[in-house]
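Q: I have a model open and would like to learn how to read it. Could you take me through it, starting with how helices pack?

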Amino acid sequence: MLVYLLKRMALMVPMLLGITLVSFMVIHLAPGTPVEMQTTMNPKASLEAQKRLKELYGLDKPLQVQYWDWLKRLARLDFGRSFSPDGRPVWDKIKERIGITLGLNLLSLLIILAVAIPLGVLAAVRPHSWFDKGTTLFVFFGFAMPTFWLALLLMLLFGVYLDWLPISGLTSLNFSHFTFWQKVQDLGAHVTLPVLVAAFTGLAAWSRYMRGSMLEVIRQDYITTARAKGLPERTVIFKHALRNALLPVITLLGMSVPGLIGGSIIFETIFAIPGMGQLFYGAVMARDYPLVMGELVIGAVLTLMGNMLADVSYALVDPRIRTG
Amino acid sequence: MKKREFWARLRRNRMAMTGLTLVAGLFVISIFAPFLAPYDPNSIDLKQVLVPPSADHLLGTDTLGRDVLSRIIYGSRVSLKVGFVAVGLATLIGLVVGSLAGYYGSWVDQLFMRLVDLMLCFPTLFLILAVIAVLGPSIWNIMVVIGLTSWMGVARLVRAEFLSLRERDFVAAARALGATDARLILRHLLPNALAPVMVSATLGVAGAILTESALSFLGLGVQPPTPSWGNILTAGKDNIEIAWWLSFFPGLAILVTVMSYNLLGEGIREAIDPRLSE
């Protein structure tokens with residue numbers, strides 16, 4: 001078990017290097033250097049200032065040197081300073097928003113699990129029934145639905161026409177004046193629509209996966225044995241089938257992480273939630289390259305960690321992986 | 001023989017046939033757009049700004065008085081173009097990577113699979129947006145970028161097929177007859193590995209259309225005035241309180257299109273190997 005863990009962690013190092021390499025290459029795809037917006041394109045910058053900026057960013061050095069310098073700074077968590085007017089360190093800007101994005105995504109993941117797993121199990125237990133067909137239809141919708149459209153529709157319904165829920169931001173304007181419980185309620189109301197949107201596509205994927213996994217498990221011999229032994233169907237399904245069916249689903253956890261982090265761009269931008277996704281979108285629109293690079297690296301690292309976590313939990317849960 | 005079985009099974013699957021009909025219908029609509037659209041999608045009429053659906057304008061007008069129905073009809077061209085080129089590129093890359101990895105095995109396989117794992121670490125939309133930030137939004141750029149970020153699934157599929165096909169007798173026979181690696185890969189292995197690739201390509205078009213519309217919605221895809229379902233929705237969001245039709249209809253178009261490709265793709269998957277469905 002320990003050996004497996006160590007091997008997985010050792011694999012992470014070349015991955016991290018690869019992530020930084022790809023991110024670096026992406027930013028330097030541009031025909032002009034990233035700093036030209038502030039220098040040659042900026043009529044107010046003198047030739048002196050341009051030269052100084054070029055030296056500061058090390059842009060006069062060859063690419064490999066630039067990459068190595070950047071890598072060294074990354075190791076100290078120095079992602080450079082944002083190009084935006086406030087010029088704050090990129091790491092600070094990202095740090096204050098990671099919590100919100102991760103929190104929202106975790107919440108939506110919980111909702112997905114709570115709804116999709118029972119849905120998948122029930123559909124598998126009654127194959128080809130009305131319930132199963134209905135679930136399949138729902139899954140098809142879920143895969144085809146553009147999340148931003150769903151967001152707009154929900155905003156129209158609940159925000160504009162019914163006026164039940166707020167449609168932007170994380171809190172209301174007079175949040176600071178609220179009591180604790182009012183704060184909880186306010187936060188909850190603001191978070192409802194974004195989380196629903198975030199969870200929707202995931203629901204489709206997970207229900208389907210769960211159903212497929214359950215169907216495969218139910219076909220196995222040991223289930224027939226359990227039934228032949230006279231065990232009540234409920235025990236057969238929930239104690240024996242479900243546990244085995246959940247195993248491959250755990251690997252899906254790892255694969256969902258990039259989708260969740262990436263998807264947060266859309267719903268955070270639409271609902272004006274101050275998270276990593278909205279920050280990234282703003283950085284892209286403003287061509288704030290240090291911020292874009294920083295978010296790219298961090299997003300990929302978070303995904304890597306999520307995958308690691310999923311692999312480790314899979315190894316924990318399935319003893320065949322550890323010994324095999 | 002296998003082909004006839006395939007078509008027979010496909011025809012029996014009602015959902016797949018629905019998908020096929022819709023896909024064909026969309027093709028027709030996009031090709032005959034100039035004849036089907038009631039108005040010029042780019043003709044501005046400032047006297048008819050933000051008119052709700054009416055007899056004159058079946059789906060209403062937008063902020064510049066342009067007819068929404070016509071813009072949606074022409075928008076199908078963008079979606080299909082992007083879908084096909086992006087998927088074509090992704091499939092090409094995936095075929096090359098997957099066949100080489102699956103055929104040669106050992107370090108080639110390891111190298112390519114690590115590359116796949118690496119690419120999969122990046123949240124796709126982050127990567128795409130970063131590249132667009134650097135290269136600028138244009139229909140050509142987004143086609144290429146979507147292609148460059150969605151080849152990984154195809155590569156894995158092709159590799160898996162090659163790994164299993166490699167051991168078959170016909171490969172040994174061809175080798176014994178002196179076939180070169182290239183001939184084996186191109187003439188013998190690839191054609192047999194294509195079946196799952198067809199599924200993945202069909203589903204890939206659906207995904208590419210979703211991604212393109214998301215990018216256009218964010219303002220980083222197809223730029224106005226060229227109509228794209230995504231960029232009509234941008235206007236929908238900005239005018240959500242006064243023009244519900246701008247939000248509703250383009251999204252519906254995306255939904256129907258993507259669903260039809262999904263249905264078709266799933267239908268092909270079931271027709272190829274009926275054992276896969278229980």
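Q: What is the handedness of the crossing where H4(B) passes H5(B)?
A: A crossing is left-handed if the near helix is turned anticlockwise from the far one by less than a right angle, and right-handed if clockwise. Here H4(B) passes H5(B) in a left-handed crossing. Helices (H or I, at least four residues) and strands (E, at least two) are DSSP runs, numbered from the N terminus. Do keep in mind that this is a predicted model, in which local features need pLDDT of at least 70, side-chain atom pairs count only at pLDDT 80 or more, and totals for chains, interfaces and linings use all residues. Residues are numbered from 1 along each chain as its sequence is written, while chains are lettered from A and ligands numbered from 1 in the order in which they are written.

Q: At what angle do H4(B) and H5(B) pack, and how far apart are their axes?
A: Two packed helices are described by the angle between their axes and the distance between the axes. Axes are lines fitted to C-alpha atoms, for helices over the stretch in contact, and angles run from 0 to 180 degrees between N-to-C directions. Helix H4 (residues 68–104) of chain B meets H5(B) at about 145°, and the axes are 7 Å apart. In this contact (C-beta atoms, placed from the backbone, within 7 Å), H4(B) contributes B:Val97, B:Leu100, B:Ala101 and B:Tyr104, and H5(B) contributes B:Ser106, B:Val108, B:Asp109, B:Phe112 and B:Met113. By class, that gives 7 nonpolar, 1 polar and 1 charged residues. Ala, Val, Leu, Ile, Met, Phe, Trp, Tyr, Cys and Pro count as nonpolar, Asp, Glu, Lys and Arg as charged, and the others, Gly among them, as polar.

Q: Why does B:Asp117 count as partly exposed?
A: A residue is buried if 20 or more other C-beta atoms lie within 10 Å of its own, exposed if 12 or fewer, and partly exposed in between, with C-beta atoms placed from the backbone. B:Asp117 lies in helix H5 of chain B, and counts as partly exposed because it has 16 C-beta neighbours inside 10 Å.

Q: How many residues of chain B are in contact with chain A?
A: There are 34 residues of chain B in contact with 40 residues of chain A. On the chain B side, H5 (106–121), H6 (124–135), H10 (181–217), H11 (229–238) and H12 (244–272) each supply at least two residues. H6(B) gives the largest share, 9 residues. The chain B side divides into 25 nonpolar, 6 polar and 3 charged residues.

Q: Which residues touch the most other members of the largest nonpolar core?
A: A nonpolar core is a set of buried Ala, Val, Leu, Ile, Met, Phe, Trp, Tyr and Cys residues joined through C-beta atoms within 7 Å. The largest one has 151 residues, and those touching the most other members are A:Phe148, A:Ala151, A:Phe280, A:Val284, A:Val292, B:Leu129 and B:Ala130. Leaving aside neighbours within four places in sequence, B:Ala130 is in contact with A:Val26, A:Val284, A:Val292 and A:Leu296.

Q: How many helices and strands does chain B have, and what percentage of its residues are buried?
A: Chain B has 12 helices and 0 strands, and 48% of its 278 residues are buried. Chain A likewise has 12 helices and 0 strands; of its 324 residues, 35% count as buried.

Q: Where in chain A is confidence lowest, and where is it highest?
A: pLDDT is the predictor's confidence in each residue, from 0 to 100. Chain A averages 80, and 89% of the residues score at least 70. Confidence there is lowest in helix H12 (residues 319–323) of chain A, at a mean of 65, and highest in helix H10 (residues 276–285) of chain A, at 88.

How values were computed. Contact = placed C-beta atoms within 7 Å.
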